Protein chains: 2
Amino acid sequence: MSSLEDDFNAASLPGIDDVQQARERIRAYVHHTSVITSGQLDTISGARLFFKCENFQKVGAFKVRGACNAVFSLNKRTATNGVTTHSSGNHGLALSYAAKCRGINCTVVMPSTAPDVKKAAVTQYNGSIVECAPSTAAREAAADLVISHTGAELVHPYNDLRVIAGQATCAVELLEDVNDLDAIVAPIGGGGLISGTCIARNALAPNTAVYAAEPEQADDAYRSFKSGKLVTEDAPNTIADGLKMPLRDKTWYFVSNYVNDIFIVSEQDIMNAMMLIWQRLKVVVEASCAVPLAVILKNPEKFKGQRVGVILTGGNVDLHKLPWLTKT
Amino acid sequence: MSSLEDDFNAASLPGIDDVQQARERIRAYVHHTSVITSGQLDTISGARLFFKCENFQKVGAFKVRGACNAVFSLNKRTATNGVTTHSSGNHGLALSYAAKCRGINCTVVMPSTAPDVKKAAVTQYNGSIVECAPSTAAREAAADLVISHTGAELVHPYNDLRVIAGQATCAVELLEDVNDLDAIVAPIGGGGLISGTCIARNALAPNTAVYAAEPEQADDAYRSFKSGKLVTEDAPNTIADGLKMPLRDKTWYFVSNYVNDIFIVSEQDIMNAMMLIWQRLKVVVEASCAVPLAVILKNPEKFKGQRVGVILTGGNVDLHKLPWLTKT
């Protein structure tokens with residue numbers, strides 16, 4: 001049991017009822033995404049793989065589930081002031097989309113170094129952008145400033161129970177659509193998705209293992225899990241750029257208590273798995289999505305003959321900057 | 001009516017009954033592929049678009065439909081000698097796969113200049129490769145030699161009625177899965193797919209227009225259609241490398257009699273549409289697949305407010321040689 005558990009009230013943690021409520025709350029705004037399979041990838045892996053296609057999700061990533069649950073959970077008075085977050089990635093897009101669906105404002109704090117393509121994506125969903133220096137301190141200070149000026153509600157990318165309950169709806173769909181999974185493998189960055197996956201598994205499929213997949217070069221969750229003590233690290237370097245964020249107290253609670261194991265893989269493993277997914281499944285996915293398949297391919301004995309759910313978390317890539325082209 | 005009609009017996013042309021038989025014949029060996037949509041692409045195009053995902057098909061392309069129908073149509077005695085074709089593209093793969101499914105030999109004649117990755121793909125499906133000089137004459141001579149040595153049955157990539165009937169099953173599925181299409185737009189190369197699409201439309205949805213989409217730089221079908229006289233051209237240059245083959249007598253018959261219109265687009269139009277598909281639909285498709293969307297985007301008045309089926313023909317791309325990377 002985590003020593004950080006006392007930092008928040010365990011009784012307030014979301015359970016499956018909260019997740020089912022989240023599902024109803026967000027139903028009109030997100031897709032129930034499809035699950036695809038590949039005989040060739042089954043042969044290569046020695047397992048039976050079921051890929052949950054959150055790259056086909058609204059805004060191109062599972063993040064929209066948590067963002068919509070948070071936005072549509074707000075009472076009217078709070079909602080009037082809008083929402084804000086600090087994220088240069090998919091959560092910023094997702095929160096902008098969710099706010100647009102509810103007809104409220106969204107301000108996204110982004111480092112001034114963020115690529116124009118990411119800024120354009122946020123404004124496409126009517127999000128406003130506040131730029132800051134590229135550090136955690138500057139980001140949080142900028143978000144505080146937005147809040148003090150507008151009264152906007154902060155929706156953290158992952159260390160937020162509403163967000164975690166929303167992300168859990170992804171595994172609920174997967175467990176409904178595919179019977180008798182031996183395991184679910186999901187990538188781990190800040191831990192929002194894996195925390196939600198644990199909630200769904202605990203209630204709906206207690207015999208299914210939940211494994212987290214992490215880049216070797218951003219292995220703070222792995223080291224935390226193995227040592228039993230939360231390790232955080234700012235700005236590690238990996239092609240899986242959706243997985244750079246460290247765990248925080250709420251996600252660490254779920255990871256330390258409910259994840260069955262965490263596996264790490266190299267940058268080359270991730271790139272190879274990403275190319276396999278593009279070539280065999282014919283879907284566009286981010287490098288972060290390839291980490292679970294890389295883990296499965298690196299640990300064939302572990303997964304041999306098993307039925308394994310793999311969450312493909314998102315498909316927002318810059319087609320001009322593909323890892324196998326910059327690496328070679 | 002085409003002046004070439006007399007070259008073969010019109011009574012022997014496949015009709016919808018042949019297509020339905022083809023469908024039963026190949027059912028165990030091909031996927032009924034999914035249809036996907038995108039609110040963003042609908043907004044951009046001003047139409048309601050339904051993308052038929054043959055990139056998810058077995059061997060990654062619709063070609064497997066025609067190849068399987070041809071291979072499983074053979075009587076036992078003929079089948080014993082195997083099959084052969086000349087194709088460095090998806091038909092070579094598809095025929096190798098079909099032959100493997102039936103347990104017979106397949107020999108694919110390929111130019112010695114074909115990339116190793118294409119040769120490897122054929123051998124992956126147990127196909128044998130015979131190399132020849134990179135010209136139509138050399139290719140046909142090599143195929144003749146294979147036939148005289150082995151007695152193998154030639155299965156032409158498109159100018160074969162069994163192949164055309166097989167390709168027609170794609171549009172049959174699309175018309176079953178999506179009601180009230182105003183139009184279907186498919187790419188045109190040798191014309192096998194569009195010929196099959198016409199057969200399906202004629203029988204199942206006579207009010208649906210069938211439009212062919214062709215690269216400006218490989219516009220032999222366009223010029224044939226507009227002049228009423230079959231124009232053939234060897235080895236045009238386009239990034240849509242699946243569309244370089246010219247029409248032949250059988251496909252010209254269908255094109256000249258049943259296609260509603262043919263539209264052409266530039267290389268830049270094709271590349272832009274290809275990137276849109278990758279970015280918005282999150283699927284990996286060949287440049288050839290992007291030609292129909294390019295046509296729709298270039299002719300907004302024509303398609304405005306319409307329900308349009310778009311056939312995404314295949315997803316076998318070399319991830320190291322993407323057009324937007326070599327063009328910029």
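A salt bridge is a side-chain nitrogen of Lys or Arg within 4 Å of a carboxyl oxygen of Asp or Glu. The exercises below concern a predicted model.

**Exercise 1.** Determine how many salt bridges and how many residue pairs in polar contact link chain A and chain B.

*Solution.* Step 1: apply the 4 Å criterion across the two chains; the count of salt bridges is zero. Step 2: turn to polar contacts, for which ten residue pairs are found between chain A and chain B, both residues at pLDDT 80 or more.

**Exercise 2.** Describe the side of chain A that touches chain B.

*Solution.* Step 1: identify the elements. Those giving two or more residues are α12 (267-281) and α15 (323-326) of chain A. Step 2: find the main contributor, which is α12(A), with five residues.

**Exercise 3.** State how much area chain A and chain B bury between them, and which residues of chain A lose the most.

*Solution.* Step 1: the two chains bury about 1,800 Å², 62% of it on carbon and sulfur atoms. Step 2: in chain A, the residues losing the most area to chain B are A:K282, A:L319 and A:H320, together 37% of what that side buries.

**Exercise 4.** Explain why strand β9 (residues 261-265) of chain B is described as largely enclosed.

*Solution.* Step 1: buried means under 20% relative accessible area. Five of the five residues of β9(B) are buried, so the rest of the structure largely encloses this strand. Step 2: in a regular strand, side chains alternate between the two faces of the sheet. Step 3: examine each face. B:D261, B:F263 and B:V265 are buried on one side, and B:I262 and B:I264 are buried on the other.

Key: Residues numbered from 1 in each chain as written. Chains lettered and ligands numbered in written order. Predicted model: local features only at pLDDT ≥ 70, side-chain atom pairs only at ≥ 80, totals over all residues. Heavy atoms only, no water. Buried area = accessible area lost by both parts, 1.4 Å probe. Polar contact = N/O pair within 3.5 Å; in protein donor to acceptor, adjacent residues only side chain to side chain. Helix = DSSP H or I, 4+ residues; strand = E, 2+ residues; numbered from the N terminus. Buried < 20%, exposed > 50% of the residue type's maximum accessible area, 1.4 Å probe, protein only.
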